[in-house]
Amino acid sequence: MLLNAVNNGIAVSIAMFVSGGVTGAFLNPAVTLAWAVIGKLRWTCCIFYSIAQFVGAFAAAAVIYVLYYDALQSFDGGHRELFGSNGTAGLYGTYPADHQTFLSSIINELVGSGILLIAVLSVSDRRNWRPDNGLFPLVNGLIIVALNLAFYGNGGVAMNPARDLSPRLFSYFSGWGEETFSLWNYQWFWIPFAMPYAGAIIGALMYEVLIEFHWSPELSHGNHNESGPPRPDEGALIQEESVTAIQPIHAFGSPVIIKDQGTQIIKSF
């Protein structure tokens, strides 16, 4: 349990270090949608990021299957099962614990995803105690570790629609069969897909209403004087004599002024 949670957190941190400078480290379609709903991300970016997230998760599932194919064959002899002594479907998707009900499963995802958004927004808020850029992926990784440990007793929590649906679809075509979707008479698979979206939007709106809307205009933390994370599609305006160009800036970067041989960044996000 602990090793799995830590592994998930480290994986998220590494992915954020890799993609942060390009997209702002949007790895989760639910987070991406919530960011767009509260006006912190353009809807065009939301659509394309989400497509990439689902495709990437499917590709990752395929890579894992190839890497561990021999181990799977040795474990179950090629007879894929969801549960039981040979159950391995949990490698590719979330499945309910024996004690869970339909309602408790919905609540589980709503609460987990809502807490995720509140936590991520709090460490992204430039008026809050936001960590430096280099620490930001590590802090988000710790959030993932904490949530995985907290919800382990209920069979885990997806929080990420791409992390569940895409690998589940791959497992459907790779030997685990129709039960990956037909579990609970087809009433389970959509919970870890749809509920993270709902929980993320609720969590984002809660942070906006209960925290971000209450910052005074003059209040800032450190050198920041605006609330909310900068949008990854925003840029810094560069003017050099009669030449004007747009230069992208890090999605979670700080406002900067750089002068170099007549070139001056005069405006950040």
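Threonine 180 lies in helix α8, residues 179-186, where helices are DSSP runs (H or I, at least four residues) numbered from the N terminus. The model is predicted, with local features requiring pLDDT of at least 70 and side-chain atom pairs counted only at pLDDT 80 or more, whereas totals for chains, interfaces and linings use all residues. Residues are numbered from 1 along each chain as its sequence is written, and side-chain values use heavy atoms, with hydrogens and water left out.

- Leaving aside residues up to four places away in sequence, threonine 180 touches Leu82, Tyr95, Arg168, Ser171, Tyr172 and Phe189, contact being heavy atoms within 4.5 Å.
- Proline 137, found in helix α6, is also buried, with a relative accessible area of 6%.
- Proline 137 and serine 13 are 124 residues apart in sequence, yet their C-alpha atoms are 4.6 Å apart in space.
- Beyond residues up to four places away in sequence, proline 137 touches Ser13, Met16 and Phe17.

**Packing of α2 and α9**

- Helix α2 (residues 29-37) and helix α9 (residues 191-210) pack at an angle of about 40°, with their axes 8 Å apart; axes are lines fitted to C-alpha atoms, for helices over the stretch in contact, and angles run from 0 to 180 degrees between N-to-C directions.
- That angle makes α2 oblique to α9, because angles under 35 degrees count as roughly parallel, over 145 as roughly antiparallel, 65 to 115 as roughly perpendicular and the rest as oblique.
- On the α2 side the contact is made by Pro29, Ala30, Leu33, Ala34 and Val37, and on the α9 side by Pro196, Tyr197, Ala200, Ile201 and Ala204.

**Nonpolar cores**

- The largest nonpolar core has 33 residues, of which Trp35, Leu41, Leu116, Leu117 and Leu121 touch the most other members; such a core is a set of buried Ala, Val, Leu, Ile, Met, Phe, Trp, Tyr and Cys residues joined through side-chain atoms within 4.5 Å.
- Two or more residues of this core come from each of α2, α3 (43-67), α5 (102-124), α6 (136-150) and α9, and the largest share, six residues, comes from α5.
- A second, separate core of 14 residues includes Leu82, Ala89, Leu183 and Met195.

Conventions:
Buried means under 20% relative accessible area, exposed over 50%, partly exposed in between (1.4 Å probe, protein chains only).
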